[in-house]
Amino acid sequence: RVTSWIKCMDIVYVKDLRMPARIGIYEWEKRIRQQIRVDLAMAWDNRRPAASDQIEDTLNYKTASKQVMALVESQHFDLVERLAEEIATLLMTSMQVPWIRVTVGKPGAVRGASEVGVQIERGIQP
């Protein structure tokens, strides 16, 4: 028996978005820019853009990336936790994303590790 509804959980993602950031708690970190890496996974129902083949119906990953870069450029962040939270809030609000996973990494921040950082999930999965 086939049900009359189909659960939809599509993901639009941006992987390995790299940019210089003013981030860190130490005085020397407040005077420099450090490379960070951001991954985004955002819930979006892709059935409409798949049917229309129109960019206006998509969750535009280029727009999301530009918003993240502008946020990072706009200020100093002491903690990657705060930056991840601000990215999630920004994209959920500006792009009406119902669910998001944000990873913020600082490559080379800890000797012996290729990267350290945080990953958060916010919202409700459809």
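Against which strands and helix do the buried residues of H4 pack? They pack against strand S2 (34-43), helix H3 (61-74), S3 and strand S4 (115-123). In this report, contact means heavy atoms within 4.5 Å. Helices (H or I, at least four residues) and strands (E, at least two) are DSSP runs, numbered from the N terminus.

The model is predicted: local features need pLDDT of at least 70, side-chain atom pairs count only at pLDDT 80 or more, and totals for chains, interfaces and linings use all residues. Residues are numbered from 1 along each chain as its sequence is written, and side-chain values use heavy atoms, with hydrogens and water left out.

**Helix H4**

Helix H4 comprises 15 residues (residues 80-94), which at 1.5 Å a residue should span 21 Å; the expected span is 1.5 Å times one less than the number of residues. The C-alpha atoms at the ends of H4 are 21 Å apart, in agreement with that expectation. The buried residues of H4 are Val80, Leu83, Ala84, Ile87, Ala88 and Leu91. Seen down the axis of H4, these buried residues fall within an arc of 135 degrees, so they line one face of the helix. The arc is that of the directions from the helix axis to the C-beta atoms. Here buried means under 20% relative accessible area, exposed over 50%, and partly exposed in between (1.4 Å probe, protein chains only). Just after H4, Gln96 takes a positive phi of about 55 degrees.

**Lys106**

Lys106 lies in strand S3 (residues 99-107). This residue counts as buried because its relative accessibility is 12%. Not counting residues up to four places away in sequence, Lys106 touches several residues, including Val80, Glu29 and Glu115.

**Salt bridges**

The structure holds twelve salt bridges. A salt bridge is a side-chain nitrogen of Lys or Arg within 4 Å of a carboxyl oxygen of Asp or Glu. Three of them are listed below.

| Glu29 | Lys106 | 3.0 Å |

The salt bridge between Glu29 and Lys106 links distant parts of the chain: Glu29 is in helix H1 (residues 27-30) and Lys106 in strand S3, 77 residues apart. Both partners, Glu29 and Lys106, are buried. Asp39 is buried, with a relative accessible area of 17%, and Arg37 counts as buried at 12% relative accessibility. Asp57 is buried, with a relative accessible area of 15%, whereas Arg48 counts as exposed at 60% relative accessibility. A network of salt bridges links Asp16, Arg18, Arg37, Asp39 and Glu115.
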